[in-house]
Amino acid sequence: MTDNAVAPRTPAPLTLLGTGAMGTALARAWLGAGHEVTVWNRTPARAQALAAEGAVVALSAAEAVAANRLVIVCLLDDASVGDALDGAVLAGRDLVNLTTGTPGEGRTRAAWAEARGARFLDGGIMAVPPMIGVADSGGYVFYSGSPELFEEHRDTLAVPAGTRYVGADPGFAALHDVALLSAMSGMFAGVTHAFALIRPEDITPKDFAPLLADWLTAMAPAVHQTADQLESGDYTRNVVSNLAMQAAGNATLLRTAEEQRVSPELLAPYMELMERRLAQGHGDEDGTGMVELLDLRADQELSGRAVPSAVDSASRH
């Protein structure tokens, strides 16, 4: 032992509201790292397994909040967060909300918490429960909101999964989360269509899957060119396959779907967007310009129309 040795930091105690599949995984990660964890769940029986592993089970959310300064919330939705914390004393608490929500909900909840004397972080979990607490699983959590809160509790927050702080705007964690999930949804739409095309044939899905995975991996770096074009404003920069060429190729994709008796409904909205951009005279661009067509704020400014909700827009396709 040297004179300047630093004593190991004692793991900070914390409270966790919500012991569903994700909440339970989070609690076990913190318990395994030596943290004292107080838990609460609306259905008490669902928290009992954690009691056997060392967690303290509170009888009410208010009691759980009172137990520790750091309070983590992982519930069903934003309304559940409001219901659970109704009546709890939040003054002096550090509230970290890992409940999946929208950017607007994150900003509103931050103002709500701060008005009650709490510091606030919103989080977006980029992982599934089996990835939580597993080293090198690739899982991480986006955080946004109070930078002071994040810095103070960074080590504790990093126990279940990696941390990525994305800004003081409380809505940014949810925005990053949903943007990535939206991209994933689009990818899975293409994957679903691809498997539908081969399904009637003597092609084994397990043999086709590695080809599909390799192709998607090879195409993924194109996102960097899209980002470069968006930042520069030059959508013709370093274009390999321009929009006119891509749109022309759509006819083959649609004829193949017809021959295979596969519905094109997963591809059609994207193809329609390509045709709209092409009709505006942007055939020499990459597909990046279609981002502008999705910006309903710009559309409202040009037309003076009210911006439809995302649900309304989706229902038209």
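Student: In this predicted model, is R297 buried or exposed?
Tutor: The relative accessible area of R297 is 60%. The exposed class starts over 50%. R297 therefore counts as exposed.

Student: Which residue forms a salt bridge with R297?
Tutor: R297 lies in helix α13, residues 296–303. Its salt-bridge partner has an oxygen 3.2 Å from the closest nitrogen of R297, and the cut-off is 4 Å. The partner is D295.

Student: Is D295 buried, exposed or partly exposed?
Tutor: D295 has a relative accessible area of 26%. Buried needs under 20% and exposed needs over 50%. A value of 26% falls in between, so D295 is partly exposed.

Student: What separates the C-alpha atoms of R297 and P44?
Tutor: Along the chain, R297 and P44 are 253 residues apart.

Student: How many salt bridges does the count give?
Tutor: The criterion is a side-chain nitrogen of Lys or Arg within 4 Å of a carboxyl oxygen of Asp or Glu. The pair R297 and D295 meets it at 3.2 Å. By this rule the count is 12.

Student: Which strand holds R119, the partner of E152?
Tutor: E152 and R119 form a salt bridge, with closest N and O atoms 2.8 Å apart. The pair links distant parts of the chain, 33 residues apart. E152 sits in helix α6, residues 147–157. R119 sits in residues 119–126, which is strand β6.

Student: Are E152 and R119 buried, exposed or partly exposed?
Tutor: E152 has 39% relative accessibility. R119 has 25%.

Student: Why does the salt bridge of E292 and R277 tie together separate parts of the sequence?
Tutor: The side chains of E292 and R277 meet in a salt bridge at 3.5 Å, N to O. E292 belongs to helix α12, residues 290–293, whereas R277 belongs to helix α11. The bridge therefore ties together parts whose separation in sequence is 15 residues.

Student: Where is L16, and is it buried or exposed?
Tutor: L16 is placed in strand β1, residues 14–17. Its C-alpha atom is 46 Å from that of R199, 183 residues away along the chain. The relative accessible area of L16 is 0%. In strand β1, L16 is therefore buried.

Student: Is F188 buried, exposed or partly exposed?
Tutor: F188 is one of the patch residues and is found in helix α7. Its relative accessible area is 42%. That value makes F188 partly exposed.

Student: Are α4 and α5 roughly parallel or roughly antiparallel?
Tutor: The axes of α4 (residues 78–85) and α5 (residues 103–115) come within 11 Å. They cross at roughly 15 degrees, in a right-handed crossing. Angles under 35 degrees count as roughly parallel. So α4 and α5 are roughly parallel.

Student: What is phi of N238, and where does N238 lie?
Tutor: N238 lies in the loop between α9 (222–232) and α10 (243–259). Its relative accessibility is 55%, so N238 counts as exposed. Phi is positive, although N238 is not glycine. The value of phi is near 55 degrees.

Student: Which loop holds R261, and is R261 buried or exposed?
Tutor: The loop runs between α10 and α11 (268–279). Phi of R261 is near 55 degrees, a positive value in a residue other than glycine. The relative accessible area of R261 is 79%. In the loop between α10 and α11, R261 is therefore exposed.

Terms used:
Residues numbered from 1 in each chain as written. Predicted model: local features only at pLDDT ≥ 70, side-chain atom pairs only at ≥ 80, totals over all residues. Heavy atoms only, no water. Helix = DSSP H or I, 4+ residues; strand = E, 2+ residues; numbered from the N terminus. Buried < 20%, exposed > 50% of the residue type's maximum accessible area, 1.4 Å probe, protein only. Patch = residues over 30% accessible without salt bridge, like charges linked within 9 Å, V, L, I, M, F, W, Y side chains within 5 Å. Areas by Shrake-Rupley, 256 points an atom, 1.4 Å probe, with all protein chains shown as cover. Axes fitted to C-alpha atoms, helices over the stretch in contact; angles between N-to-C directions. Parallel < 35°, antiparallel > 145°, perpendicular 65-115°, else oblique. Left-handed = near helix turned anticlockwise from the far one by under 90°.
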